[in-house]
Amino acid sequence: MREQHTKQGKLYLQRYWPLYAMMALPLAYFIVFKYLPMFGNVLAFRRYRPGMGPWGTEWVGLRYFQRFFQDPAFWSAFRNTLFLSLLNLVINFPIPIAFAILLNEVRNLHYKKLVQTVSYMPRFVSTVVVIAIISDLLSPSTGVLNHFFADLSGKDPVYYMNEPGYFRRIYVLLDTWQYTGWTAIIYLAAITAIPQELYEAATIDGAGHWQQIWYVTIPEILPTIMIMLIMNVGRLLSLGFEKVLLMYTPANSGVSDILDTLVYRTGLANQNYSYATAMGLFTGVIGIMLVASSNALSRKLTGDSIY
Amino acid sequence: MKTYKTRSTVAYYLFIDILMGIVLVMCLTPFLYIIATSLSSPEAIINGKVFIIPRGLNTQAYRQIFSYPNFFHAYGNTIFYTVFGTMIALCMTTLFAYPLSKTWLKGNKLVMKLVIFSMFFSGGLIPNYLLISSLHLTNTRWAILLPFCINQFNLILLINFFKSIPSDIEEAAIIDGLGYGGILLRIVLPLSGAGLATIALYTAVFFWNDWFNSLIYLKSTQFPVMLFLRNIVNGTTMLGGEGGSADKGALSLSIKSAVILVSTLPIIMIYPFVQRFFVKGVMVGSVKG
Amino acid sequence: MKKTMLVLLLCVALVGISAQGTKETVATTPSAAAGPVKLSLFYSDNATLPFKNDWLTVKEAEKLAGTQVEWEIIPIADYQTKVSLALNTGANAPDVILYQSITGENASLALNGAIVPISDYSAWTPNFNARVKEFGLEDTVAKLALSDGKRYNLPSLFDVPFYDGGIIIRADLLAKYGLKAPKTFDEFYDVLKTFKKNNPDSYPLTILAGPRVLYRFTMPCFGISLGRNASSGSYVLSWDYTKKQYFAGAISDQYKAYITYFHKLFAEGLLDPEMADPIDGTKWSQKMATGKAMATWAYYDQIGGVTAASTIPGFKLQMYPSLAGPAGAHNQPKAKTGAGIVFPAKTAKRADFEQVVRAIDKMFYSEESAKLWCLGVEGQTYTMKDGKVQFTDKYMKDPRGIYKALQQDFGCGSDVTQMVWVNKREMTKYDENYAAINAEVEKMGNVIQELPPRPKFNDVDAETAGSYQTPLADAWERWNNAFLTGAKSIDADWDAYVAEMKKLGIEKMLELYNKNR
């Protein structure tokens, strides 16, 4: 029997006031700590002069926006960011899901816990060290991995870290190594919420292992998957800045310069906060558009959405 | 009912075990390398003799780290921020997520849009700094504990977890006369072990790893151990400008490795304790009919 | 179980926090009448010499100047961020900030009133004035003034810059192959060729940290200075020492000659191809110690560590005087003034501002404090024997080297706190070999040139200059790398390169710089 939710009027408040009371404090938090500082975005339209106050001195309108729209380096960075992000999404979105599902199937509890713990350890190796290790392994003179590949292909050692052609591959694979175990935790949590009876029913119906995964596990965690997908699409333009910065060399700059590193060099390195804020506004707008459209799409296709 | 071990079953589980074994090796090896270098002598490292077994075993790196002034103090700071930050965050996030998981509630859509909007637009460094400063939170520990207590990503995840709890259970409780507060505390939370554990873990790691916010908002006596780690491992790698004599200021790899291990081992070791919440199907059979 | 874990963690946290908590509050009780001057200060902490509250130099300096200092220890990698934030917002700025030069953003901040123009208060800095006079640096210091004619920091002072880093070669291999120490770049080329012939698997010349270090050391010999560590700070413009003006170094013939030479080295396998990636200290040590590389440009006090780690019998590294290129024999340029002390604007509003300035002046520039920050305390760290400085036996034999040992144990000789550098006094901390090399270099004359003056921009011009600089810098990096590795031909593609740089505005940038010098 579905309960009828009271539609409106005084009865509504009387009934549901505890829920609103719960929201009060967090909502205040949001307004103070997230919304008040947003006024600072006005800096994108005013000229910032060091030491003369954070709200800028004079109104310059769209000048900074014009500057980066006309800058070919900006568009190149924009393209690089999109390509790298999309590649990362296509490869590194499904992998943690698959990993979580398969890990869940492991029968020996101790082995399962061991793999779970070890798989999330790479997340904690700081980026500087990761890049140092991979540079070492792929070094054309002494790198173990490099010689391994060279022997396989019969060609000379390639200077991978310097070749633009390999930059994206290395970046994405490093992300896979670092974040698979970490991201899989969310899916593992979702999987544990699946009632056991569904699997028992499926077994009775004669479903094999792969079929059970396809017909029970995946549909049950679909809401979680869709939400993760929407949020990842929304963050398409914000990539890991530190990793890219460390992998940047003049030779691969054509593909390795992304929006965040460009902002770092032009905006922040020159203390041009206005420029940096303007770019931030631009990427924010695009992000919102991406979330809104993927949210609507998800609602249409699967019925799940964030809002 | 007896489950028959067919060949396909054996092959299936073998395949999975092998796959997980590969994952194990690939994730563990770099750590073994770091452990090995932290326990090796600098000479062995420079001569390229160290892979996953320490050579020239010595604990000099560890002794040097523990003798750094303020190391333990910074460590205490990190634990403080992690524990209290996570507790505050869990409370606030839960308080917010529960009402927001009721999609039929008036105002729900508006608030969700507010939350999402704030994910894409922030004020930037200076306005945030000024806000914290004008609230007189700078140079106090609250500057770390308060401003980051609700992460929108975690919030949305928790909302999703709450939504997956079947409504029959709650409705039964309402009929029994329980208020929403009681439902949250006595029914929803106990059933959300996995979701809460995930968020607690993510939040704890966030606070454990944070260095930037501590750098700008705190006094040096309140700095966490991650800033210390950064100083040693990054050193001058990312310095632009004049570099100069700072270029030669590189510490040996064994010290860097030791610092990494000492700073990250505790948070890594939290996971096994969290895993107990990832237990299957606690709610089966709680509602009959 | 959960609860006990939490309680345990909390206990650890509380213990940790309280540990050394008491050391933070300085113990000295203020004396009756004047009392110590209390001030807060930002200090940039380098992990190789971590700051210690109980450093001898710190305690003695505070006593000397009658101050009670709250030291804010900030890691060097993030130091500028914190300083920039404090000065830009004016919130939570300390009373004094160490290790700052008035360039880039600091110049704009100063002109817009965020920093105290300390030259207005020179009556309160008698010690500083005395040292300037002693070193004959009145003109140099006067040139530090910005476009409004005022100077905004108390810089560190060097009487004679010393040759602390340069070309380092395997002396034992030179002897083995019967080679003399090279004096010019062409001779160096022959030396490298011989090395390579005898060790075909090696890359004889390698670099520390990144190509920018190589450029900084060697470009002045060709008359230019470009790149991230360019002495002009502009990346693509260089200073003409004879004509005393800027020129477009990036598109000059001198640069063409430079890159041709190094391309030759690269093409013949004499230059380490991995130089595009930053080569961190450990990898560099590895290459040198195992003999994979035989020559490099680096710093003298790094030699000890590499030699100690090497297992090659007879391994010997020696630093040689600079090689002579087309523009003479030069090394990385050094200023006789360096980063120094800055007072944020709000400090001037203190009622006891005069005391603060006088105290800082005494703490860092007086005769006694200069000796303290360099050598330590007489009787404790050193003794005077026949007018010469003699360090205690323990430190003479210290494997870290006297210089490093004094740095780590007492805080002597740190870039951040030592403001007065007297060459003869510094030499006592190095071995005789170093003194000999420095003497030879000094004889060569004008090896270490002065840093070019920074243009006196107002912040509008500074923003314009910045907006030219980034695309020019990016373009130069790409082309430089292409020329070096041979991806683009110096002969065939040079004109296209010059055309691109001109299109990006290098000439306009040059005009802006020369107008404001």
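Visitor: What share of the 289 residues in chain B is buried, and what makes a residue buried?

Guide: Buried residues make up 42% of the 289 in chain B. A residue is called buried because 20 or more other C-beta atoms, placed from the backbone, lie within 10 Å of its own; with 12 or fewer it is exposed, and in between it is partly exposed. This is a predicted model, in which local features need pLDDT of at least 70 and side-chain atom pairs count only at pLDDT 80 or more, while totals for chains, interfaces and linings use all residues. Residues are numbered from 1 along each chain as its sequence is written, with chains lettered from A and ligands numbered from 1 in the order in which they are written.

Visitor: How many helices and strands does chain B have, and what makes a helix?

Guide: Chain B has 14 helices and 0 strands. Helices are DSSP runs of H or I with at least four residues, strands are runs of E with at least two, and numbering starts from the N terminus.

Visitor: Which domains is chain B divided into, and where do the bounds come from?

Guide: They are domain 1 (7-58) and domain 2 (69-277), with bounds from an automatic or database domain assignment. Their centres, taken over C-alpha atoms, are 31 Å apart.

Visitor: How many residues does each domain give to the contact?

Guide: Domain 1 of chain B gives 7 residues and domain 2 of chain B gives 7 residues; two residues are in contact if their C-beta atoms lie within 7 Å. On the side of domain 1 that touches domain 2, H1(B) supplies the largest share, 4 residues.
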